[in-house]
Amino acid sequence: MKLIKKRGANASTAAPGLGEAIDRRTFLRRSGVALGGAAVSGALPVTMMRKAHAKGASPKAGIATEMRRSICTHCSVGCGVIAEVQNGVWTGQEPDFESPFNLGSHCAKGASVREHGIGEHRLKHPMKLVGGKWKKLSWDEAINEIGDKLMQIRKESGPDSVAWMGSAKHSNEQAYLFRKMAAMWGTNNVDHQARICHSTTVAGVANTWGYGAMTNSYNDMHNCKAMIFIGSNAAEAHPVAMQHILRAKENGAKMIVCDPRFTRTAAHADHFVRLRPGTDVALVWGMLWHIFENGWEDKEYISQRVWGLDRVREEVKKWTPEETERVTGAPPDVVKQAAQIMAENRPGTIVWCMGGTQHTSGNNNTRSYCVLQLALGNIGKSGGGANIFRGHDNVQGATDLCVLSHSLPGYYGLSAGSWKHWSRVWDLDYEWVASRFDQDKVEGDKGKPVSPMNYKGIPVSRWIDGVLEDPKNMGQKDRIRALFMWGHAVNSQTRGPEMKKAMEMLDMLVIVDPYPTHAAVMNDRKDGTYLLPASTQFETYGSVTASNRSIQWRDKVIDPVWESLPDQTIMYKLAKKLGFADQMFKNIKVNSDEPLVEDVTREFNKGMWTIGYTGQSPERLKLHAENRKTFNTTTLKAEGGPADGDYYGMPWPCWGTAEMKHPGTPILYDPSTPVAEGGLTFRARFGVEHDGENLLAEGSYSKGSEIKDGYPEFKADMLKQLGWWDDLTPEEKQLAEGKNWKTDLSGGIQRVAIKHGCAPFGNAKARTFVWTFPDPIPIHREPLYTPRRDLVADYPTYADRKRFYRLPTRYESIQSQDFSKDYPIIWTSGRLVEYEGGGEEQRSNPWLAELQQDMFVEVNPTDANNLGIRDGQMVWMDSPEKAKIKVKAQVTRRVAPGVVFTPFHFGGWFQGEDLVAKYPQGTAPLVRGEACNTAMTYGYDSVTQMQETKVSLCRIRPA
Amino acid sequence: MTRLLSLFTGVSLAFIVSGCYESPSVTSYEPGVYKGAKDPLMQANKDQRAETMKKRFEMVQTDR
Amino acid sequence: MARMKFLCDAERCIECNSCVTACKNEHEVPWGVNRRRVVTLNDGVPGEKSISVACMHCTDAPCAAVCPVDCFYTTDDGIVLHDKDLCIGCGYCFYACPFGAPQYPQQAAFGVRGKMDKCTFCAGGPLQDNSNVEYEKYGRNRIAEGKLPLCAEMCSTKALLAGDGDMIADIYRQRVLKRGGRPQTWGWESAYGTTG
Ligand code: SF4
Ligand code: SF4
Ligand code: SF4
């Protein structure tokens with residue numbers, strides 16, 4: 001018998017343990033213990049379990065271990081991953097403390113990436129659906145059958161009847177090839193997740209000051225004096241960014257979080273502003289009201305670098321504290337305090353994410369955030385900026401390299417001139433490229449005839465309508481008949497029942513993914529669905545662009561597992577079958593069906609002048625990867641070493657050719673540094689004047705600039721007028737003649753402009769009045785599904801549009817109906833830290849899946865009591881479009897009364913039914929649940945067709 | 001729940017910035033004598049290990 | 001000589017579960033067994049705080065004191081380990097532990113509990129360091145490799161610190177001085193009989 005003497009408070013009790021007391025995780029975890037593999041795993045002793053589960057991926061003694069480096073594939077922070085590999089098996093992960101981005105850290109997702117190499121639940125072979133059953137087939141058979149079907153559809157309906165939905169998980173090289181493949185096939189019906197994550201940001205921000213990307217970096221946030229987060233829950237969506245954010249906070253920065261939910265990010269904030277979902281413009285104007293009222297704006301900055309602010313002033317005048325409260329629900333003193341914190345602590349940064357972008361007026365939201373920062377004089381400064389956190393690991397790169405329906409790589413647009421530029425880069429005859437498209441003109445968005453080649457394609461948010469809509473009402477010959485979902489989760493798109501119907505109408509559905517995905521099971525197709533196993537980025541190599549525009553090089557960790565193939569190989573096989581491989585890979589070496597990744601990088605280096613993806617050669621990228629420890633963790637500048645003076649990953653624009661050795665641009669629009677060293681001005685993108693007012697900068701120019709005022713973008717003629725033409729070499733002159741900074745393939749115009757201290761894209765003011773948009777000044781518009789009928793008259797949505805991205809698009813006709821009586825609860829959605837996107841990878845990974853086992857809805861105790869719902873109980877959520885989902889209720893004050901929240905990463909259930917039996921054997925994810933977007937509703941942004949998934953209505957009832 | 005509370009009430013509010021060392025009033029038990037196998041880790045050079053760990057700690061866990 | 005300790009800085013912890021997942025990955029801990037977990041107080045309301053908890057490797061470990069077969073030992077750096085070959089899975093240590101650290105995987109038959117498993121401070125067990133059998137029973141031995149616990153090394157915000165108690169206290173003290181506010185060394189008093 002042992003004597004145990006303890007102090008009173010610590011005396012042990014028979015309580016069942018620490019976990020018992022707590023929070024939603026415990027509640028969720030306990031509730032789902034018998035799910036999936038859990039039942040089996042629980043029955044095995046630890047040691048046996050290890051063997052059963054890890055299938056020989058455990059580290060072994062006495063075998064040499066190699067260290068390989070990749071980049072996490074789960075978010076845009078770009079954390080370095082160090083893999084330990086033994087005999088080709090990925091046996092361990094170590095912290096990459098040399099990476100200036102993550103200093104060794106990871107979030108739950110990053111800490112578990114090794115599971116990709118175990119991949120028990122991955123799709124193992126190409127498969128197709130035959131009479132409702134999954135059949136294995138070989139790669140050759142699959143490519144042949146798919147290719148034949150595509151050619152048949154092309155013949156009958158034209159190339160636009162095939163839609164190519166690509167991925168933010170592509171590497172830069174794969175993204176570029178994907179866009180090129182769609183071009184060679186002859187359609188603009190190509191798109192990816194950026195449409196539904198930050199398209200309104202890119203459009204809004206680029207139209208304000210030139211580029212649509214994050215202006216500063218996570219690391220630069222160390223220098224902030226204030227940080228305002230609107231619709232960003234960094235603690236769950238960008239966890240490692242929180243390391244930099246909390247460092248800033250410890251340095252004394254004030255942190256404000258504006259969100260409908262008291263998020264885990266809000267838990268760390270100094271000031272929390274709760275707003276009603278969908279009222280961002282009202283809140284920002286409400287803050288700006290105080291700024292203008294008190295004269296807190298930066299007047300000198302505005303007079304030099306901002307155009308159109310007086311027109312904004314008129315609008316802001318309406319947003320008195322009372323009106324702001326009426327619309328947003330945020331009390332006057334709370335809003336005023338937020339404004340005051342931002343005004344008194346400069347430089348300050350703004351961070352926004354999907355909470356701001358996913359609205360019918362998302363482009364208004366993003367522009368209002370920009371205006372706030374411009375008024376405070378915060379853009380183009382270290383510690384300031386618009387730190388727009390992107391989502392997926394390479395959504396920035398895939399946007400830049402343009403897996404998008406409305407442009408070409410480098411944001412060149414779809415005009416004939418843009419196609420000619422890229423045809424030159426591709427070394428192809430423009431006429432041949434044009435011949436690939438449907439030749440018959442159609443009626444475009446503006447009612448005028450337009451060639452399909454120059455007409456924006458159907459975006460991913462609307463592919464459903466591209467299938468279901470009567471072709472008579474569409475801006476293309478026929479409906480979509482074949483659909484590729486290539487690294488793209490359908491559960492991130494809304495309107496489940498209609499989606500199911502659309503899927504069932506397709507002639508062919510091809511899913512290219514490491515996992516079968518929700519798309520494979522949510523419909524009742526019997527034939528003509530193909531599953532092609534794609535490798536993850538750990539099974540190939542290439543470059544990836546982090547949110548801060550830095551490009552990092554990934555090494556290959558392991559060979560492709562099972563029968564999977566990397567995307568570039570699958571694309572080559574398809575191109576060969578479809579007959580354009582020779583053109584598509586004209587200057588790219590191909591080794592046994594695998595295109596040489598470095599050649600792809602070099603090819604886009606030759607064409608991406610607009611955003612400076614030209615200086616980052618594979619050699620320089622690899623040099624940075626190897627010497628990453630030489631970069632300062634705040635400035636990102638290499639201090640000594642072989643990359644001395646460069647910024648980590650050469651954040652774009654990295655001007656000119658690689659030989660020019662531009663260091664990259666760590667902070668956009670910062671005139672305090674010479675352009676040659678990473679400084680910039682605002683881009684002169686919108687001409688030199690509007691309504692007789694000067695759009696160029698006045699009295700502001702970058703350090704060392706020989707033009708000491710604003711100037712337009714550089715052209716060959718301008719060089720001549722300035723007398724700088726002879727600075728070009730004879731070879732450069734030849735290529736530059738008649739060209740501009742964007743189309744001169746020699747890079748000479750850029751080189752000479754920078755030599756004279758000038759930004760190739762000009763020096764203008766940022767514009768706060770975007771005359772090309774539906775709302776030139778951002779204004780508040782109520783969501784399509786709003787409970788505030790009293791506000792609809794004051795702040796109505798847009799009129800319906802007959803044709804917009806080839807499709808009729810509804811606004812007013814939905815908003816005019818009152819659903820709020822039957823569906824009184826506001827519904828918003830968001831992220832969980834363990835999961836990402838459609839969640840397929842993470843829900844199949846036992847280390848993550850165990851932490852989140854149930855799809856749930858957060859309900860305020862008041863609503864729960866009124867509805868008679870207990871914590872942990874199953875409930876039905878009904879949408880006004882008559883879809884329903886069955887989820888577990890979680891009663892919490894995190895949400896306000898009248899508002900509910902669901903995460904969006906679940907899948908594998910459909911309207912109450914578990915679809916486990918419909919997955920190919922052994923591939924069902926460990927955790928399945930209702931996809932929230934099954935019941936999310938119609939609503940698309942007025943500029944980009946971004947879906948409105950951050951605000952809708954629902955009804956909740958016990959199940 | 002009781003156990004959880006005890007953990008958090010055990011959290012001390014009095015933190016003396018300068019005196020971060022073991023308190024003399026520790027809980028005392030009457031321990032049994034370990035009856036298991038010897039851990040080879042105990043044979044290794046501990047001072048050398050402490051030195052390695054110190055470096056590692058600075059590299060991995062500090063804000064740089 | 002080092003005295004190994006954990007400290008979770010609640011001002012930095014964001015409940016991201018990286019520590020939990022890193023541990024699962026490193027040691028291939030099976031579903032249902034958690035050597036580490038993150039607990040949250042005041043979930044969803046102002047004052048919300050999270051901390052990551054595992055075995056704290058207590059000075060005078062209560063688990064060791066109650067073990068009927070005396071299978072616990074403490075290394076020179078203060079890491080509390082146990083011998084699974086002796087462990088009978090009785091569960092006493094679980095009741096003694098102020099942190100609920102010991103875990104028992106379910107055995108197949110009759111709900112009998114398996115041998116206790118808990119955080120090893122990534123120091124393996126009383127078997128040859130980094131041998132296959134040590135890995136299978138106790139997980140990886142990072143300490144023998146000159147590394148620190150992976151959970152702390154991978155913490156997203158460097159909230160979770162693991163290493164020599166004095167070094168940890170220094171870092172934490174600096175942070176508190178910088179940001180102000182009340183220092184809260186969660187669990188230190190129970191585990192180490194000291195608050196800083
Ligand atoms: S998901 Fe993001 S934060 Fe997490 S490890 Fe990966 S890159 Fe880092
Ligand atoms: S120290 Fe090692 S065993 Fe303990 S919780 Fe951390 S990772 Fe797991
Ligand atoms: S990894 Fe760090 S921040 Fe994340 S839950 Fe663990 S202790 Fe907290």
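**Reading the model, feature by feature**

Tutor: Let's start with one spot: Lys882(A) sits in the loop between β29 (874-878) and β30 (884-891) of chain A. Helices (H or I, at least four residues) and strands (E, at least two) are DSSP runs, numbered from the N terminus. As for ground rules, residues are numbered from 1 along each chain as its sequence is written, and chains are lettered from A and ligands numbered from 1 in the order in which they are written. This is a predicted model, where local features need pLDDT of at least 70, side-chain atom pairs count only at pLDDT 80 or more, and totals for chains, interfaces and linings use all residues; side-chain values use heavy atoms, with hydrogens and water left out.

Student: What is the phi of Lys882(A)?

Tutor: Phi of Lys882(A) is positive, about 65 degrees, although the residue is not a glycine.

Student: Is Lys882(A) buried or exposed?

Tutor: Buried means under 20% relative accessible area, exposed over 50%, and partly exposed in between (1.4 Å probe, protein chains only). Lys882(A), at 64%, counts as exposed. Trp562(A) also has a positive phi, near 45 degrees. This Trp562(A) is in the loop between β19 (551-554) and α24 (567-578) of chain A, and is partly exposed at 43%.

Student: What does pLDDT say about chain A?

Tutor: pLDDT is the predictor's confidence in each residue, from 0 to 100. Chain A averages 93, and 94% of the residues score at least 70. Over residues 1-55 of chain A, though, pLDDT is below 50; beyond near neighbours in sequence, that stretch has 132 contacts in the model, a contact being heavy atoms within 4.5 Å. Where pLDDT is low, the predicted coordinates should not be read in detail.

Student: How many residues are in the largest nonpolar core?

Tutor: A nonpolar core is a set of buried Ala, Val, Leu, Ile, Met, Phe, Trp, Tyr and Cys residues joined through side-chain atoms within 4.5 Å. The largest one here has 152 residues, and those with the most contacts inside it include Leu150(A), Trp164(A) and Phe484(A). Helix α11 (residues 280-293) of chain A gives the largest share, 10 residues. A second, separate core of 60 residues includes Leu81(C) and Phe94(C).

Student: Where are the cis peptide bonds?

Tutor: One joins Arg346(A) and Pro347(A), with omega about 0 degrees. Another joins Trp652(A) and Pro653(A), and Pro653(A) lies in the loop between α27 (618-626) and β22 (689-690) of chain A.
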